Amino acid sequence: MNKSTMVIRFTIAFLAIGFCGVHMSFAQEALTLRDALEYALKNNESIKKAYLDVEGGKYEVAEVRASALPQIEGSASLNYNPIIGKLVFAGQSVTIGQPWDSQFGAQLSQQVFNQQVFTGLRAAKTTSEYYALAANMTEEQVIETVASNYYQILVNREQLSVIDTNLKNIRVINEIVSNQYQNGLAKKIDVDRIRVNITNLETQREELVNGITLLENQLKFSMGMPIETPIDLAEEELTEVPDAIDVQDDPNRLDRLVELQLLNKQLELLDLQYKATRAEYFPTLALVSNYSYATMTERFNHLYKNSENPMAATFGSMLVGVSLRIPIFNGFATRARMGKAKVDYLKAEQDLYNTRQSLNLANENAKVQLKNALNTIRAQRQNMQLAQEVYESTQNNYNNGLAALTDLLDTENALTDAQNSYTQALLNYKIAEIQLKKASGEIKSLVNE
């Protein structure tokens, strides 16, 4: 191996190690909620598809607009007539046509008045706006899902930390009691009771670890992140809870809700659909123009060399005019379609009313749940502190022979329950906070926090 080859391989290896190091450092960097949401807004497949619908809506608008623009068509034909017809005038027959003929033409048409086309233009623009609102709502749904998954993982990790601490403490107790049992100072039932607790905690820990893995996979899926990518969440995100909240009614809340904007846009589309159907009763007026050029001859090779054949005939024709179409009767089909469009509009109005009521209900429930969750956090925080004091006191009494092992294990279980209840209250608060922001039309503010 020559020197230059060794240098190249060393350089490639160095760059590969450096790239892997950069990738690993990025993967191990704590992922904040804002980071997760920003990543999801750029990579979630549902959002990408929604914006493809927006792009497709632009082409729909262009397609409808094309029907209002001039329409130009070209035509060409080549015919062979093995039998040529004749006309008889005053007892004499006259041959009409030649064995070969060709024709070229062009036709122009322009809508002057067509109410269906004009209504379709308005509907196309409204459809494009509908797709934009739908994409906005998809973003809000993704933000809600990602934020909820994010906080669920944090809560489960807090619970895992609690189990790890309890396992550490009970293993210390197990070692002490096992030594006492070997020296005849403790009963076998005490050792067995501790081992049962250890087994239960280890089982809970394994289930919790697997549950966290499932939640992390769900979070990465909702973010649009490859499942194999390792992530590490910022722990402080869960503890940011205010001491008090002041939830006030916002008179402009309903105007910000994308769900209502989307339904209103749907109503607008259904109204335009009704008007487009009604426009079938209207007459249509179009400007038309046609030009054609024909050649007839006895031989095929003389079609385009007319000077060589004096019997060849060439002529052109052109017309310019207007075309008026007046609908008279179609078996009441238009009236039936108008009735169906009216029913669809009334159903959409009912959906709008029900959705408005549902969103008002969600807003009021979220405010109540937020206040309840905050009160529960305060109570569970005090309860956890009290359980910690009781556990430490019981442990001290047990070490001094003033408390039974059963009392120590009971207080430890009570401390575990209090700690888990506190973390669950934190999750309930965060979920209620997300729901309130959604019901207030401010869920996208999570991205900027």
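Is L270 buried or exposed in this predicted model? With a relative accessible area of 13%, L270 counts as buried, where buried means under 20% relative accessible area, exposed over 50% and partly exposed in between, computed with a 1.4 Å probe on protein chains only.

**View 1. The whole protein chain, as predicted.** The model contains ten helices and eight strands, which are DSSP runs numbered from the N terminus, with helices being H or I over at least four residues and strands being E over at least two. Of the 449 residues in the protein chain, 34% are buried, and among contacts between residues at least 6 apart in sequence, 82% join residues at least 24 apart, a contact being heavy atoms within 4.5 Å. Residues are numbered from 1 along each chain as its sequence is written. Because the model is predicted, local features need pLDDT of at least 70 and side-chain atom pairs count only at pLDDT 80 or more, while totals for chains, interfaces and linings use all residues, and side-chain values use heavy atoms, with hydrogens and water left out.

**View 2. L270 in helix α7.** L270 lies in helix α7, which covers residues 258–278. Not counting residues up to four places away in sequence, L270 touches D344, Y345 and A348. L270 and V343 are 73 residues apart in sequence, and their C-alpha atoms are 9.7 Å apart in space.

**View 3. S222 in helix α5.** S222 belongs to helix α5, residues 188–223, and is buried, with a relative accessible area of 6%. The side chain of S222 reaches the backbone oxygen of L219 at 2.8 Å. Leaving aside neighbours within four places in sequence, S222 is in contact with A40, N44, V142, T145, V146 and N149.

View 4. F332 lies in the loop between β8 (313–325) and α8 (333–399). This residue, which is not a glycine, has a positive phi near 65°. Most residues other than glycine have a negative phi. F332 is partly exposed, with a relative accessible area of 47%.

**View 5. Residues 1–27 and the confidence of the model.** The protein chain averages a pLDDT of 85, and 89% of the residues score at least 70, pLDDT being the predictor's confidence in each residue, from 0 to 100. Over residues 1–27, however, pLDDT stays under 50, and the model has five contacts beyond four places in sequence for this stretch. Where pLDDT is low, the predicted coordinates should not be read in detail.

Methods: Polar contact = N/O pair within 3.5 Å; in protein donor to acceptor, adjacent residues only side chain to side chain.
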